[in-house]
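Open the structure in your viewer and have the selection tool ready.

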Amino acid sequence: MTPRQKSLRERLGPTLVIATHNAGKLKELGDLFGASGPRLVSAAELGLPEPEETGDSFQSNARLKARAAAFIARLPALADDSGLAVDALGGAPGVFSARWAGEGRDFSAAMARVERELRAVGAPSPWSAHFLSALAFAWPDGSVEVYEGRVDGTLVFPPRGSLGFGYDPIFLPDGHDRTFGEMTREEKHGLLDGGGRALSHRARAFQAVPL
């Protein structure tokens, strides 16, 4: 009889490093794991440096960040790389979503830039866009597994709502009349009883993880 292959949850162990310095992202991932998940500790708490995101896709950046955290901490690590892609802007800001907010992570300025760029190219509304998330789980031996999630919608200006973070106040998911910035975390995740499809990009990526 061959030994049973360990599940991903078992391979994560009791402690998981979340490779982020973003408090909002850490909170969302904590909500998704729930009380039964491993103990989550952020890269910021461990004093880990933020590696330069040199990848040309969300998947490659997530891999890079997860591997770096796992290697330094000698623990399993999870990294999320996600962002907003606007069709009329050729997919921008895309992997540069955080960088559009500048060193101070000022997403008010980033959202204003999105609107400014749309006006500059003369793109008529509705402005279609999507959020994409790549979740990378990495282990100290260098192995990595990546899962993705996407949600489509349109952009609204001026921004609406003070909940969420990042570009949430300008993103209106398809089929809804409130932006992510107007939804509670539970509503934004959209995880339904009975195995329904999640709503947010990060929750959809998490739902794809075979925990």
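This is a predicted model: local features need pLDDT of at least 70, side-chain atom pairs count only at pLDDT 80 or more; totals for chains, interfaces and linings use all residues.

With a relative accessibility of 18%, Phe107 counts as buried, because the cut-off for buried is under 20%.

A search of the whole structure gives seven aromatic pairs. How are the rings of Phe107 and Tyr167 placed in their pair? Their centres are 5.3 Å apart and their planes meet at 80°, so the pair is edge-to-face; the cut-off for that label is over 60 degrees.

Now colour the chain by secondary structure. Phe107 belongs to helix 5 (residues 107-121), while Tyr167 is in the loop between strand 5 (144-155) and strand 6 (171-173). The pair therefore ties together parts that are 60 residues apart in sequence.

Move on to Trp127 and Phe157. These two form an edge-to-face aromatic pair, with 5.6 Å from centre to centre and 70° between the planes. Which parts of the chain does this pair link? Trp127 is in strand 4 (residues 127-138) and Phe157 is in the loop between strand 5 and strand 6, 30 residues apart. Both Trp127 and Phe157 are buried.

For the next stop, select Phe131, Phe171 and Phe180 together. These three residues make up one aromatic cluster.

The last stop is Trp100. Show its side chain along with that of Arg113. Arg113 lies over the face of the Trp100 ring, 3.8 Å from the ring centre.

Definitions and conventions: Residues are numbered from 1 along each chain as its sequence is written. Side-chain values use heavy atoms; hydrogens and water are left out. Rings of Phe, Tyr and Trp (its six-membered ring) pair if their centres lie within 6.5 Å; planes under 30 degrees apart count as stacked, over 60 as edge-to-face and the rest as tilted. Helices (H or I, at least four residues) and strands (E, at least two) are DSSP runs, numbered from the N terminus. Buried means under 20% relative accessible area, exposed over 50%, partly exposed in between (1.4 Å probe, protein chains only). A charge sits over a ring if NZ of Lys or CZ of Arg is within 6 Å of the ring centre and within 35 degrees of the ring normal.
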